[in-house]
Amino acid sequence: MLPVIGTKELIAWLPTLLGLGPDDLIVVPELAYPTYEVGAQLAGTRVALADSLTQLGPQTPALIYLNSPSNPTGRVLGVDHLRKVVGWARERGALVASDECYLGLGWDAEPVSILHPSVCDGEHTGLLAIHSLSKSSSLAGYRAGFVAGDPEVVAELLAVRKHAGMMVPTPVQAAMVAALDDDEHEREQRDRYQRRRSQLLPALQAAGLTVDHSEAGLYIWATRGEPCRDTVGWFAQRGILVAPGEFYGPRGAQHVRIALTATDERIASAVARLS
């Protein structure tokens, strides 16, 4: 296990830290947090947007990113799906990096880590699980995250990162230990997000939006069946800020991402405006 300066930093620099370059291919989900592709661009690698590995044909990637629960869609990948990815990657010598920042926020489905025995049979070779305390413990400003998994890969990352000056300050590490030792505050935070979701989700549906996936995580992935910028405008007319789905990839062109991270008062205000 290796502490990192927030998981966004790790994801952005992981291909470079692994020594990947122009001859290497990185697989990114078709709807995804933009930093996966940014990291590939920083390293100068090739990128394939694919949710199914069969889409790659004969290509063999060096690195495959998974994100479950997903940002932006809230989609949860099941154990069978994760097992297939792990098996496929191991047959080809590819590394799998699973972004699990929302793992503790399952609502209609129970997310499972790629390091869980039901997925990898207890064998972590070629697997990395990336975790953040930003969501579960509200430590976003602390830049507190960690990566766990394949001991050889984690050891190599440690060796490279310390020479590059990427050490997490000791006070932040102490805060991480305190947060990870206390489950109660995480339960309270989870309950807070769940209450907001239970108010906002039916209000969106009553206002005529269709909600897709969204079974976990901090966001609701919704559509009015129109270009996402039109939907952004529709919300703006009601004083509500949402993110255009196209920001996360072409398949998001008719969706918007609605966050549960506003205060309870602002969520209640949004519900009132929608009704």
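Which residue of strand 9 does D212 stand opposite? I looked this up first, and the residue is W221.

Basis: I am working from a predicted model, where local features need pLDDT of at least 70, side-chain atom pairs count only at pLDDT 80 or more, and totals for chains, interfaces and linings use all residues. Residues are numbered from 1 along each chain as its sequence is written, and side-chain values use heavy atoms, with hydrogens and water left out.

Sheet. I took helices (H or I, at least four residues) and strands (E, at least two) as DSSP runs, numbered from the N terminus. Strand 9 (residues 219-223) runs antiparallel to strand 8, and three bridges join them; two strands pair if DSSP finds at least two bridges between them. I traced the four-stranded open sheet in the order 8-9-11-10, with antiparallel pairing. Strand 8 (210-212) and strand 10 (243-244) are the edges, each pairing on one side only.

For L274, I listed contacts (heavy atoms within 4.5 Å). Not counting residues up to four places away in sequence, L274 touches L200, A203, L204, A207, W234, F235 and I240.

Loop. H116 lies between strand 5 (95-99) and helix 4 (117-120). H116 counts as partly exposed because its relative accessibility is 40%, where buried is under 20% relative accessible area, exposed over 50%, and partly exposed in between (1.4 Å probe, protein chains only).
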